[in-house]
Amino acid sequence: MNRDKELMHEKHKNRLWDFLCGIWKRFWGVRPSDEEESGEWEEEEPYPRENPYLHRMRDILEQVLERYGMTYRDFCPLLVDTDMLPESLLDEDQVETMLEQISQDLNFLRIVTDRPAYFADYIQRMYEDSGLVVQVCSRGQEISEDVNVILDMEQKGDCPLKYVKEHMLYIPVYKRRWSSVENAGNLDISIPIGYNTVIVKGV
């Protein structure tokens, strides 16, 4: 009898774990690791979150694209605007930093945002400097097939997740942790892409 109760308890525990994993996977793109499954959960990072590699984004993206058989000319990004604006005008606007990193040689750029006026100067400058027509659209729209990389600058929302198509690389800049990996004496960088991670060369 006690054995039956133990089995029933274990069954309910497993169902609860699967349910929690489903929620975790929806918002973070991955199932918790074995360490998390054993109860050793990593403490959740506070908001707003930081990405220590934001100022190296161009180099990182070029390496990622090469891994997936693309050149920078093939790069057609959809940039999802942040859902956490800087608290002060003196704070760095992380979206602006990202745009500074990726703008040179771009042949395509679409921005998902609720603040289109904020990007007006950037859009004008890109058109004058390179002839690029930067497209702007609101949140909640289906992502068209001409996009092949989604750069998600949101920290909490799940705006693009349900619209990601199979051929698109989904890169969460803040929702999943980017970490350093010591590899053969080099400090390389582990980048989350969709449900996977890709190691790129660091210092």
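Trainee: What should I know before we start?

Mentor: This is a predicted model, so local features need pLDDT of at least 70, side-chain atom pairs count only at pLDDT 80 or more, and totals for chains, interfaces and linings use all residues. Residues are numbered from 1 along each chain as its sequence is written, and side-chain values use heavy atoms, with hydrogens and water left out.

Trainee: How many helices and strands does the chain have, and what makes a run count as one?

Mentor: The chain has five helices and eight strands. Helices are DSSP runs of H or I with at least four residues, and strands are runs of E with at least two, numbered from the N terminus. In order from the N terminus, the elements read α-α-α-β-α-β-α-β-β-β-β-β-β.

Trainee: Why is Cys76 called buried?

Mentor: Buried means under 20% relative accessible area, exposed means over 50%, and partly exposed lies in between (1.4 Å probe, protein chains only). Cys76 has a relative accessible area of 17%, so Cys76 is buried. Cys137 also has 17%, so Cys137 is buried. In the chain of 203 residues, buried residues make up 40%.

Trainee: Why is Gly131 called partly exposed?

Mentor: Its relative accessible area is 44%, so Gly131 falls in the partly exposed class. Gly131 sits in the loop between helix H5 (120-130) and strand E3 (135-137). Asn107 is 24 residues away along the chain, and the two C-alpha atoms are 9.2 Å apart.

Trainee: What makes Arg58 and Asp105 a salt bridge?

Mentor: A salt bridge is a side-chain nitrogen of Lys or Arg within 4 Å of a carboxyl oxygen of Asp or Glu. For Arg58 and Asp105, the closest N and O atoms are 3.4 Å apart, so the pair qualifies. The pair links distant parts of the chain, 47 residues apart: Arg58 is in helix H3 (residues 57-67), and Asp105 is in the loop between helix H4 (94-102) and strand E2 (110-112). Arg58 has 16% relative accessibility, so Arg58 counts as buried.

Trainee: How do you know that Arg110 and Asp146 form a salt bridge?

Mentor: Their closest N and O atoms are 3.2 Å apart, so they meet the cut-off. Arg110 lies in strand E2 and Asp146 in the loop between E3 and strand E4 (149-152), so the pair ties together parts 36 residues apart in sequence. Arg110 counts as buried at 11% relative accessibility, whereas Asp146 counts as partly exposed at 38%.

Trainee: What about Glu154 and Arg139?

Mentor: Their closest N and O atoms are 2.5 Å apart, so they form a salt bridge too. They are 15 residues apart: Glu154 is in the loop between E4 and strand E5 (169-172), and Arg139 is in the loop between E3 and E4. Glu154 is buried at 4%, and Arg139 is partly exposed at 22%. In total, the structure holds eleven salt bridges.

Trainee: Why is strand E7 called largely enclosed?

Mentor: E7 covers residues 186-193, and six of its eight residues are buried, so E7 is largely enclosed by the rest of the structure.

Trainee: Which strands pair with E7, and what makes them a pair?

Mentor: Two strands pair if DSSP finds at least two bridges between them. Strand E6 (residues 179-183) and E7 have five bridges, in the antiparallel sense. Ser180 has Ile189 of E7 as its bridge partner. E7 and strand E8 (residues 196-200) also pair in the antiparallel sense, over five bridges. The hairpin of E7 and E8 has two residues between the strands, and Gly194 takes a positive phi near 60 degrees.

Trainee: What makes Thr197 a contact partner of Ser190?

Mentor: Contact means heavy atoms within 4.5 Å. Leaving aside neighbours within four places in sequence, Thr197 is in contact with Arg176, Ser190, Ile191 and Pro192. Thr197 is found in strand E8. At 46% relative accessible area, Thr197 is partly exposed.
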